[in-house]
Amino acid sequence: DCSAGLGSSGTISQYACQRKTTLKNCNKIFTDAFDVLAEHFEFNENKGHCLAFMRASSVLKSLSYTIRNYRDLEGLACLGPQTKAVIQEILEYGNSLKVQDVLMDERYKTIKLFTSIFGVGLKTAEKWYRKGLRSLDEVKADTSLRFTKMQKAGLLYYDDIISSVSWEEAKAVGQIVKDACRRFDPDAAVVITGGFRRGKEFGHDVDFIITTPENGKEVGLLQKVLSELTYQGILLYYDVIDSTFDNAQIPSKMFEAMDHFEKCFAILKLKKELVSSKQSEKDINGKDWKAIRVDLVIPPMNCYAFALLGWSGSRQFERDLRRYANVEKKMLLDNHGLYDKTTFLSAKTEEDIFAHLGLEYLDPSERNA
Ligand code: DGT
Ligand code: MG
């Protein structure tokens, strides 16, 4: 339960990797507002303001008490005049005018709608907005647009993909992926990562890390698994990104950069009969399946712990973990490894990586920053 105030004994770290952030959020009224503002600044490519609101939101998510007055903010990291002003406004009036304005803003609403399509990023959404398009129907009807294969799939399965994936559905997909992998390598390790590993009940996709105990044996596995899923008739869409991984590569400083492992962005057809709570359910059109977004990432075993840590999220947790490694330890961390000045530090488990960084281990359920 969330206690009132009196929480700010001691200080709270500016780094999410030094805070425990569970899914229990005592300050949702403030963090929802900050998340909207962060997204607004992201859409306007104002990185500084976007980051400021994301960090402030993350700090408030880690508190075990609800902010009830301005004094509760004492000793909290990452709160500047701008974010404090929003908190003050919400404390006084129950909401923020700036947030209300953003939520009503036509550009914000349209960019949010368009970027919710699988395969549509900020640049494309903006281009469509500038063309005067405002709805999905208008986008679909515009014959001058050239859609990528990914966007076509995104539009075709839009309603299924926008309705979030439940843990029950994720488990059912997990069984399908595991069975397909084990067919070709009985020792293959198949782990659900991302938000579900952090204990979320719903997600926008299901993320998997797949590897084999023996380094190198993972090569070729993805292609076999994809053939198997195609044979089963449940692979609705896939895009394979080949590995560009080089063991000698020094970790990149750029967090947002995609990692170098072989991976696949897919859409799977999940039969409702395979989901325990949805047995024999059909929608009005008699459709007895749901399209689910699935990411498969295939690192070699010697990178397994780094890949698992990097894909478990949350995004803010990952950003702060790398920033902490960089600024406080003068090391470089990414999804492939940890580099200390001249040497790579090896790790078999996530615990090893936290230990290398001199950090207390955080369970995935405490990484919901
Ligand atoms: P969700 O799926 O919306 O419920 O939430 P998450 O936390 O599962 O987020 P998701 O699926 O977008 O990504 C899972 C984690 O994987 C995320 O916290 C960071 C990592 N990740 C995903 N995509 C990328 C990427 O393009 N680059 C890097 N470096 N990391 C990524
Ligand atoms: Mg996910």
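## A tour by domain and helix

Four residues of domain 2 are in contact (heavy atoms within 4.5 Å) with six residues of domain 3. This is a predicted model, where local features need pLDDT of at least 70, side-chain atom pairs count only at pLDDT 80 or more, and totals for chains, interfaces and linings use all residues. Residues are numbered from 1 along each chain as its sequence is written, chains are lettered from A and ligands numbered from 1 in the order in which they are written, and side-chain values use heavy atoms, leaving out hydrogens and water.

**Domains.** Colour the chain by its assignment: domain 1 (3-102), domain 2 (106-156), domain 3 (165-302) and domain 4 (309-366). These bounds come from an automatic or database domain assignment. Between the C-alpha centres of domain 2 and domain 3 lie 26 Å.

**α5 and α6.** Select 106-115 for α5 and 122-130 for α6. Helices here are DSSP runs (H or I, at least four residues), and strands are E runs of at least two, numbered from the N terminus. The two axes come within 9 Å and cross at roughly 125°. Therefore α5 is oblique to α6; angles under 35 degrees count as roughly parallel, over 145 as roughly antiparallel, 65 to 115 as roughly perpendicular and the rest as oblique. Axes are lines fitted to C-alpha atoms, for helices over the stretch in contact, with angles from 0 to 180 degrees between N-to-C directions.

Now show side chains. From α5, the contact residues include Ile-111 and Phe-114; from α6, Leu-122 and Trp-128 are among them.

**Inside α6.** Pick Thr-124, Ala-125, Glu-126, Trp-128 and Tyr-129: they are buried (under 20% relative accessible area; exposed is over 50%, partly exposed in between, with a 1.4 Å probe and protein chains only). The buried residues of α6 pack against α1 (28-43), α5, α7 (136-141) and α8 (149-156). Step just past α6 to Gly-132, where phi is positive, about 95°.

**Ser-252.** Finish in the loop between β7 (235-241) and β8 (262-271), where Ser-252 sits. Ser-252 is partly exposed, at a relative accessible area of 30%.
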